[in-house]
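Welcome to my notebook. I went through this structure one topic at a time and wrote down what I looked up.

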Amino acid sequence: MTIQTIDTGFFKLDGGAMFGVVPKSLWNKLNPADERNLCTWAMRCLLIEADNRLILVDTGLGDKQDARFFGHYDLHGDASLLGSIRKAGYSETDITDVLLTHLHFDHVGGAIKREPEGELVPTFPNAMYWTHSDHWQWATHPNPREKASFLSENILPLQESGQLTFLDQKPVGVSGLDFIYVDGHTEKMALPKITVNNQTMLFCADLLPSSAHIPLPYVMSYDVRPLLTMDEKVSVLTQAAAENWILVFEHDPVTEAATVERTEKGVRIKDKGALREFI
């Protein structure tokens, strides 16, 4: 198995929303906000080659939305989903599986592309797209709190194409790949848990969007069940510290991965750096 990060660019989100009840005087030291109170965040994906499969984990924002949409999020940076995949030596036709941790627009947007004539089709024509069936129902019948994050043009074409498969109904069938399901951020978010070189790696998605979110109170205002998120963080971080897991952060603008340890203040970062430094 080989694993590498795939960069899809940066975007901006409100710092208060990203850090919840934590005061700006604290979080602003970790990810300084601009004059609009917006912080820069990565949209980091994974590319896994294993068992003759080429697996992409999440897809970033994509590029099919209009200028008004992107104006809200200030998409920037030189990297793009397909550009980074090609830089890694592959093309969109090589991808066999797309694992979607959840269907919020900054995770699934790149899964669908708009053809010149306007048709919406899967970006990866030979891939099977995976999500949890309970999350699919949650996303296609959204609550008012999350409705703006679940865009039908990102989601429905997956089913219409016949390429959609549910993680809870069929095994992915890749050795060393498992999932932890969490419900604090959104219903049945799937965190890929990967065993490689006798190490455990967890792609944290939006349970721990960045290394700054490791302290327990640092929970996003976007979470539908923030108290449950805290419980889920305790469970994951306790095991990660005990077993020296590698945590990969999808949205951290600087730090790709880290290990953690238990301290007097709780679980904190032990070592951090690029993913390639850990595996």
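This is a predicted model: local features need pLDDT of at least 70, side-chain atom pairs count only at pLDDT 80 or more; totals for chains, interfaces and linings use all residues.

**Entry 1: a histidine and its surroundings**

I began with histidine 213, and I found that it touches Met18, Phe19, Trp41, Leu208, Tyr218, Met220 and Lys233, leaving out residues up to four places away in sequence. Is histidine 213 buried or exposed? Its relative accessible area is 0%, so I noted histidine 213 as buried.

**Entry 2: aromatic rings**

I counted nine aromatic pairs in the structure. For phenylalanine 19 and tryptophan 27, I found ring centres 5.4 Å apart and planes at 10°, so I filed this pair as stacked. Phenylalanine 19 is buried, at 0% relative accessible area, and tryptophan 27 is buried too, at 2%.

I then turned to phenylalanine 69 and phenylalanine 105, whose ring centres are 5.5 Å apart with planes at 80°, so this pair is edge-to-face. Phenylalanine 69 sits in helix H3 (residues 67–73) and phenylalanine 105 in helix H5 (residues 105–108), so the pair ties together parts that are 36 residues apart in sequence. I checked burial here as well: both phenylalanine 69 and phenylalanine 105 are buried.

Which residues form one aromatic cluster? I listed Phe19, Trp27, Trp41 and Tyr218. Of these, Phe19, Trp41 and Tyr218 are among the residues that histidine 213 touches.

**Entry 3: the sheet and a helix across it**

I followed an open sheet of six strands, in the order E9-E10-E11-E12-E13-E14, with mixed pairing. At its edges I found strand E9 (177–182) and strand E14 (266–273), each of which pairs on one side only. On average, neighbouring strands of this sheet are turned by 30° against each other, direction ignored.

I picked out E11 (residues 199–203) and E12 (residues 246–248), which run parallel and are joined by three bridges. Which residue in E12 is the bridge partner of leucine 202? I found leucine 247.

Helix H8 (residues 226–243) lies across E9, E10, E11, E12, E13 and E14, and I noted that it runs at about 95° to E13.

**Entry 4: cysteines**

How many disulfides does the structure hold? I found zero. For cysteine 39, the closest cysteine sulfur is in cysteine 204, 19 Å away, which is too far for a bond. Cysteine 45 is in no disulfide either, and its nearest cysteine sulfur, that of cysteine 204, is 14 Å away. Cysteine 39 is buried at 0% relative accessible area, and cysteine 45 also counts as buried, at 0%.

**Entry 5: nonpolar cores**

My last stop was the largest nonpolar core, which has 24 residues. I wrote down Leu56, Ile95, Leu103, Phe124, Tyr129 and Leu158 as those with the most contacts inside it. The elements giving two or more residues to this core are E2 (38–50), E3 (53–57), H4 (81–87), H6 (133–140), H7 (152–160) and E8 (164–166).

I looked at isoleucine 95 on its own: setting aside neighbours within four places in sequence, its contacts are Leu47, Leu54, Leu56, Ile85, Phe124, Asn126 and Ala127.

Key: Residues are numbered from 1 along each chain as its sequence is written. Side-chain values use heavy atoms; hydrogens and water are left out. Two strands pair if DSSP finds at least two bridges between them. Helices (H or I, at least four residues) and strands (E, at least two) are DSSP runs, numbered from the N terminus. Axes are lines fitted to C-alpha atoms, for helices over the stretch in contact, and angles run from 0 to 180 degrees between N-to-C directions. Contact means heavy atoms within 4.5 Å. Rings of Phe, Tyr and Trp (its six-membered ring) pair if their centres lie within 6.5 Å; planes under 30 degrees apart count as stacked, over 60 as edge-to-face and the rest as tilted. Buried means under 20% relative accessible area, exposed over 50%, partly exposed in between (1.4 Å probe, protein chains only). A disulfide is a pair of cysteine sulfur atoms within 2.5 Å. A nonpolar core is a set of buried Ala, Val, Leu, Ile, Met, Phe, Trp, Tyr and Cys residues joined through side-chain atoms within 4.5 Å.
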